[in-house]
Amino acid sequence: MIVQRVVLNSRPGKNGNPVAENFRMEEVYLPDNINEGQVQVRTLYLSVDPYMRCRMNEDTGTDYITPWQLSQVVDGGGIGIIEESKHTNLTKGDFVTSFYWPWQTKVILDGNSLEKVDPQLVDGHLSYFLGAIGMPGLTSLIGIQEKGHITAGSNKTMVVSGAAGACGSVAGQIGHLLGCSRVVGICGTHEKCVLLTSELGFDAAINYKKDNVAEQLRESCPAGVDVYFDNVGGNISDTVISQMNENSHIILCGQISQYNKDVPYPPPLSPAIEAIQKERNITRERFLVLNYKDKFEPGILQLSQWFKEGKLKIKETVINGLENMGAAFQSMMTGGNIGKQIVCISEEISL
């Protein structure tokens, strides 16, 4: 059988901006037979995420993410349906997910590398398993639980940068659900600001491309900032940190403003900001959700419950077609998405 796949066509260079042309679509032969323990799956949805920018370099700069190889199939978070199975625990028709799903229309995988998902947890919206009820949701929830030190009724103010993205849009809502009295989002368009305050329950939103962030922050956070959920790094984070209270906490989720630069992760703060951090005893520890696997199952159940109760609103931007993976990636890296950026490969969920 001939199937389509996406391979890495070129690297943008450590300091370059990724473009759609860094990826290439090609046809490949998929064997007709599968071996014991394997399954053949049809891909339904694929995820594009900021961390993948590091995988475009020859060296990712981390020990837990491997680089993509030139002219080899690209992989990432994915959801699909099993069309044929020779694995004892997986049957035809099961929905499965993996963090290392090849960008391919159909694929043969080792059944042990897949996790079964229950469509009822997401009311049938399977793509949510790649977003708010998947890794980004878990990153937000566990990050806030482990590093945010929020207790109900503690009257804390939380600021979220990259607030309209996959993690940020969920993190702000979780901040309120876990007890923050005030949540303020920072994002890059007027449309996103309106969405945060009118639909996602943020108390205020700042457009960093138009507003004076320091001024708006002082206005929106009169009691200072107690918790900062940082998705962006760079100048925005410097501005937030300079308005943080004593003994406050930074949840280091991502640093997208720095991903096209050859700097270590997490990027060091400038001397002036580092002095503020030390002086005010602000915690800023690297947070890696993969270190909390024991919390994944209860976390997914909690996120699903909030979603079903209407307490967690889920936003996603969906682009159709495997041929648009590169364009979706480029768009996500430049803020073109609201909520999770998803690519729909096949909508046909019946066999």
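**Note on an aromatic cluster**

1. In this predicted model, Phe 23, Trp 68, Trp 103 and Phe 329 are joined into a cluster by ring pairs. Across the whole structure, the search returns 8 aromatic pairs.

2. One of these pairs brings together Phe 23 and Trp 68, whose ring centres are 6.1 Å apart. The angle between their planes is 70 degrees, so the geometry is edge-to-face, given that the class requires over 60 degrees. The two residues come from distant parts of the chain, 45 residues apart. Phe 23 belongs to strand β2 (residues 23–29), whereas Trp 68 sits in the loop between α1 (52–55) and β4 (75–85).

3. Both partners of that pair can be described by their accessibility. Phe 23 has a relative accessible area of 9% and is therefore buried, the cut-off being under 20%. Trp 68 is likewise buried, with a value of 2%.

4. Phe 23 also forms an aromatic pair with Phe 329. The centre-to-centre distance here is 5.6 Å, and the planes stand at 70 degrees, an edge-to-face arrangement. Because Phe 23 lies in strand β2 and Phe 329 in helix α9 (residues 325–333), this pair ties together parts of the chain that are 306 residues apart in sequence.

5. Phe 329 counts as buried, since its relative accessibility is 0%. Phe 23 thus takes part in a pair with Trp 68 and in a pair with Phe 329, and these residues belong to the cluster that also includes Trp 103.

Technical notes:
Residues numbered from 1 in each chain as written. Predicted model: local features only at pLDDT ≥ 70, side-chain atom pairs only at ≥ 80, totals over all residues. Heavy atoms only, no water. Phe/Tyr/Trp six-rings, centres within 6.5 Å; stacked < 30°, edge-to-face > 60°. Helix = DSSP H or I, 4+ residues; strand = E, 2+ residues; numbered from the N terminus. Buried < 20%, exposed > 50% of the residue type's maximum accessible area, 1.4 Å probe, protein only.
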